[in-house]
Amino acid sequence: MAFTTLSQLYVTAPILSDCSLRKSSPLKTSNVSFYFEKRAAAFALKSNTKNIGSGRRVDRKIVCAVPRQGLALARRSAVSPIELEEALRPPTNLYTDAAPHTVTVLKVEKITGSNALGETYHVVFDHRGFLPHWEGQVFGVMPPPDNPFEPGDATKLSYFSAASTRYGEFFDGRTTDLCVRLVPGTTSEIICNSKPGDKFQVTGPTREAMLLGDYSPNVKHIFVATGTGVAPARANIRRFFKEDIPNFEYSGLAWLFLGVANQDSLLYDREFKQYLSDYPENFRYDYALSREETNKSGGKKYVQDTFKDHADEVFDLLQIGAYIYLSGRKEMVEPIKDVLKDVAEKEGLKWEEVFANWKRKSQWRVEVY
């Protein structure tokens, strides 16, 4: 049986010594501390027992096992409205540049550290339930008319992948999350500097490249992302491991490869590590820090280098039906194809036929810039 952990939890309560059950004795009280150690298979109950009559203190420990699955399920959040599960096709182009939908900013949170190369923000829009989407879809954000950088017209739409599931930030189907890197002089700067209550006009949802290739709960999905390209991966992984969705319990494998500059640039890292702790048999998480790590040749370590370390295993997964999603910078695509080609040729297979088969079955899915 697997077990999980919490960071630390202390509870103090009086208990009676077991000695008091066997014979008459002065009242005994105990302070009981519950605490968890990282990746421990159990937690300890430390009992500091003091015999009030004699002044003698006895320390004892009781070890209690906590099933990982129980605590993981307790961390899941109920979702609504469940009718969002009923659509057979993703909603597409509900709003256009000619007729956009107005959303209200609820939260703007910087999610990169002080030593990150640039700033990235988690932005929550309230759409009041009128902008449904599926995980992996994209929204266009129209610059406001008073945008000092770009006129507020449709030719200057900025596009962002949803970082939330269809149920949004608060699991009620009323919000959408964006993961936005601040680029000075663009609409992204306006979004990142916005405040709760500010309004934006939004188009979409659109595009299907990052939609799951198969929505069956036992399918294997491999996500390769750089920077804010992690948004569609985060949306799907959150659906797999955070939301309590009736009639859907993910039992496959989700594997995330993420490339960023340094530790302070990691996005949603704590969230991903929690899933890794809760679901080690269903989630894998590997990242590359190009400014802090070196590859085997002594150069900067990019996400394609980390991917290369696992290329044989990924290739085998793709050969048995897994789906792979590449999102972020286009520079990673060809190196990843090259390492998979090397594996195919090592296996005595014709790469062109293998790759064509993956594309024909929609297993190879790419959205890069």
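## The cavity

A cavity is a set of grid points where a 1.4 Å probe fits but cannot get out. Rolling a probe the size of a water molecule over the atoms shows where empty space is left. This model is predicted, and it holds 1 cavity of 30 Å³ or more. The volume of the largest cavity is about 40 Å³.

Which residues line the largest cavity? The lining is made up of Val103, Phe125, Leu131, Phe139, Val141, Thr176, Leu178 and Val202. Sorted by class, 7 of these residues are nonpolar and 1 is polar, while no charged residues take part. Two strands, β7 and β9, each supply at least two residues of this lining.

## The sheet

What is the order of the strands in the open sheet of 6 strands? The order is β8-β7-β10-β5-β6-β9, and the pairing is antiparallel. The edge strands are β8, covering residues 158–161, and β9, covering residues 175–181; each of them pairs on one side only. From one strand to the next, the twist averages 40 degrees.

## The pair β7 and β10

Strand β7 spans residues 138–142 and strand β10 spans residues 199–206. The two run antiparallel and are joined by 4 bridges. Within this pairing, Gly140 has Thr203 in β10 as its bridge partner.

How values were computed
Residues are numbered from 1 along each chain as its sequence is written. This is a predicted model: local features need pLDDT of at least 70, side-chain atom pairs count only at pLDDT 80 or more; totals for chains, interfaces and linings use all residues. Side-chain values use heavy atoms; hydrogens and water are left out. Two strands pair if DSSP finds at least two bridges between them. Axes are lines fitted to C-alpha atoms, for helices over the stretch in contact, and angles run from 0 to 180 degrees between N-to-C directions. On a 1 Å grid over the protein atoms alone, a cavity is a set of points where a 1.4 Å probe fits but cannot get out, and a pocket is an open set with protein on both sides within 12 Å along at least five of seven lines; lining residues have an atom within 4 Å of a point. Grid points are joined across faces, edges and corners, and a volume is the space filled by probe spheres set on the points. Ala, Val, Leu, Ile, Met, Phe, Trp, Tyr, Cys and Pro count as nonpolar, Asp, Glu, Lys and Arg as charged, and the others, Gly among them, as polar.
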